[in-house]
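Today I am opening my notebook on a new protein model.

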Amino acid sequence: MSELSATHFLLLSAALFIIGMVGVLTRRNVLVIFMCIELMLNAVNVSLIGFAWELHQLTGQVFALFVIAIAAAEAVVGLGIVMALTRRADTVDIDELRQLRE
Amino acid sequence: MERTVDWLVVIPLAPLLAAIANFLFGKWWIRDRAHWLAVPAVGFSFLASVAAAWTVLGHHQLLRQPLYTWISAGEFQVPVELVIDELTAIMLLVVTGVSFLVHVYSIGYMHHDPGYYRFFAWLPLFVFSMVMLVLASNFLVLFVFWEAVGLCSYLLIGFWFRRRSAAEAAKKAFVVNRIGDFGFALGIMLLFTKVGTLEYQAVFEAIPRLSSGTVTTIALLLFTGAIGKSAQLPLFVWLPDAMEGPTPVSALIHAATMVTAGIFMVARAHPIFLASPLALWIVAVIGALTSFVAATIATTQFDIKRVVAYSTVSQLGYMALALGVGAWIPAIFHLFTHAFFKALLFLGSGAVMHAMHDELDMRRMGGLKRWMPLTYWTLVIGAAANAGIAPLAGFWSKDEILVSAWVGGAPLLALLGLAAAFFTALYMFRAVFLTFHGQPRFDPHQLHPHDPPATMAVPLVVLAIGAATTGFLGVPPEAGWIHHALEPVFESAAHHEVTLSLTLGLAIASTLVAFAGLWIAYAAYVRGTLSPAAVAARLGPFYRLAANGWYFDFIYQRYVVRPLDAAATWLWRSVDVGIIDGAVNGSARIVASTAQLWRRLQTGLVANYALMIALGTVVLVGAYLVFGSTLFR
Amino acid sequence: MSLQVLIFSLLAGVSILGALGVVIARNPVHSAIGLVLSFLNVAAIYLIARAEFLAVVQVIVYAGAVIVLVVFVTMLVHPDDLPEFHGRRPLRVATGLLLGGALLLEVAAAILTRNLSGVPGPWTDQTISLIGGNTRALGQTLYSDYMLAIQLTALLLLAATIGAIVLARPEAVSERVMAARRTLTISLAHPRGLDQPELPPALPLPPDGQVKPAGGGRSIVLARSASEFTEQPAWGEWRTP
């Protein structure tokens, strides 16, 4: 542990990911849940970068770039959905959105 | 001698193509021009048949054309091959010739029918099926087209399917035929298991190796098919009802196709029947009984087409009698002549119907001779030929059958045939006199009966010439042209020495009997010296027996159809609805109720779904740690 | 403990604090600030790992564009009426924490006992500087080995853009009326709308001209005009009990 290694990156990644997951599980506000998902995606990037650094590879960075691209796309669509939801149901409370049952 | 040629295929192909074209394009394109295809196609087929028959009958050459192998499964090979020998050549001439005339006649008869194109699709299809049936070289192909003929008859009898009676008649024809076909199929299967092949030649060569019991079973099963198709005694009930179809169809079914298939099949399979005297005897008895029973029924009918229909059954009985006593050539000879005069009778009664605006009851006709001389004279020729009046066609062939039956060891059956001949003359001339003589029993000012148009008249005349002259093909008896022509096919058949005195004696007897029938009909329906009603009353139960068709329909309805119907209803109500549907619906209901239970898992709350995903992740990672990593090892 | 590890630990610690802020903060705007903090620190960590291009992208795309979008939407929806102001769900929080703790233990165990060692690749610091820096190296890899993936990503972004436009597009009046009438009965020319001025009067006829009878447990909505009805996102307020 004395020298910086991928293990550090992985621990940080795990911590961020699990914080994000707990947020998704516990929060009721769709917007916050959305931010937590971004957090989780970011955590994945951290581990990818860590491996890339340790192994002198560029593949990890390339993958992280794709994850960022997909996260951006997800942000656009997800926020669009949030807009549509608030217009129709006038709420951002995930517990009020039960249309999935129908 | 045998020759392989490649033009035989046009004989079945021409009608088939016409049928397909009319079927596919008839409704929206061909419509009223349907006969432009069908009639030339069948005519062409007839010309090709004539060419084939010329070679076969003239030079006694076997023509054959292999088409393709239909089934090839190990040892079991079913090639589709067209073979023309002398028997097939004669049949081809009859089938295509009469069919051609019927087609021509139909142009006039079916004019203005909304289903015109449909009629000219089924009619060539019928011809195609029948032609293939006679051209087949093995029992399986024969069976396939045997069934195809049944299908076509169903389609054509039920041609006016909107009429309930026509639909019923078509169904009846199909179902009754199915009973016979069931036996036929069983016979073919038995044949295959015993012999291992279905090729005619190979089967016939293998017959002597089989036990007599097996051969008898096979022969009887095959004959069951013929009983159904050729309307023999227990299964003849469909044929009179087949009158519901258009008259040209009746003519086609009765004269050229369908009913002759059974006779042809027995003649084709004669080596099998020859090997079993018992089967032959049964064929003869059924034939004789059929001819007599049907003749008595015909005497009591008032529907002109029914009279002719029962007459067909009766004539088919003669043919079966001939087959049964081993008189193969007379049977085919009678089939040949019968085709002409029966087609003539049907087309003639069709012309009468046409003139009378679809009136079928002879009690409402009479005196038509005045307005329809051509129809009258052609019909008289047909009736006389059917009645066996010398020297018309029916006389020669029928007489020969009676002589063969007499010398073939069944004089009793010959006498039964003679009795049937009496009734034949009686009902034929009864029909002619009721229809054409006496005073009109309808209003001549409302109906204006007239001779039919040319398309219908020409076939009548041609057929009348045929009915008058084809008998001479079999003169002198046992040594005529047709006997020499067919000899190679039936060379294994037994020959009887017939004395001249017997031939002459039976000829005179049958002529006398026929004239007796004619005279009684004349007395009863023209001169009025004999009251038919009084005779009917005097005969009492016998008359009622005949008038009700010997109660065959009644018995079938009560003891076969109704119990079957009840059983089927029971099966439907209890087994199908109760058990089968119950099982299906029950399992569906179980699934549905279980699903109702599981449905509660679906809360619709995204948070719960996310929770489940997280739980799954935890479990999976835990499983990896336990089983996949080195952590616990 | 080297300096590198120290800096890494500091950055990681602040990043985790920011992440915790995202989860804990009641106000979503505060959450967004926590998220920015976390993202910026992660970007700094990328610099340590010699991923300079990604660090910049992280700042521009994540900490920039995405966060701006989130805050923007947060402002669009009612910021004063957020569910967390009405209380959390203790059972759910407990379950979430339990699952999170379990997963953390598992993953930590897996990481600390790991003996994975991949084959080192060719991209050492020397080769990268030889080629002209991280960005150039990444660009060459992307546009040679990952050509198809890049194209597909472009397509994905296009699809996302179109999807967002469709989702965020203002609904046509008739569509919104239809959507409302699926769950509500819109009362037209309701007598109460005439004699009670505090209640909005009736809507004009909907475009299909069909008026459904009230009743059957459906709520009745009253509105002065069609535009008033459709422009009012919170028509739930008008539901009669």
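Here are my entries, starting with how the model is read.

I am working with a predicted model, where local features need pLDDT of at least 70 and side-chain atom pairs count only at pLDDT 80 or more, while totals for chains, interfaces and linings use all residues. Residues are numbered from 1 along each chain as its sequence is written, chains are lettered from A and ligands numbered from 1 in the order written, and side-chain values use heavy atoms, without hydrogens and water.

Entry 1: I looked up the largest pocket and found a volume of about 730 Å³. (A pocket is an open set of points on a 1 Å grid over the protein atoms alone, where a 1.4 Å probe fits, with protein on both sides within 12 Å along at least five of seven lines; lining residues have an atom within 4 Å of a point. The volume is the space filled by probe spheres set on the points, which are joined across faces, edges and corners.) Of its 29 lining residues, B:Asp85, B:Gln201, B:Phe204, B:Arg268 and B:Val489 are the closest to the centre.

**Entry 2: the helix pair.** I then noted that the axes of α3(B) and helix α4 (residues 116-135) of chain B come within 9 Å and cross at roughly 175°. (Helices are DSSP runs of H or I with at least four residues, numbered from the N terminus; axes are lines fitted to C-alpha atoms over the stretch in contact, with angles from 0 to 180 degrees between N-to-C directions.) So α3(B) is roughly antiparallel to α4(B), a label for angles over 145 degrees.

**Entry 3: residue classes.** The lining of the largest pocket has 13 nonpolar, seven polar and nine charged residues. (Ala, Val, Leu, Ile, Met, Phe, Trp, Tyr, Cys and Pro count as nonpolar, Asp, Glu, Lys and Arg as charged, and the others, Gly among them, as polar.)

Definitions and conventions
Helices (H or I, at least four residues) and strands (E, at least two) are DSSP runs, numbered from the N terminus. Angles under 35 degrees count as roughly parallel, over 145 as roughly antiparallel, 65 to 115 as roughly perpendicular and the rest as oblique.
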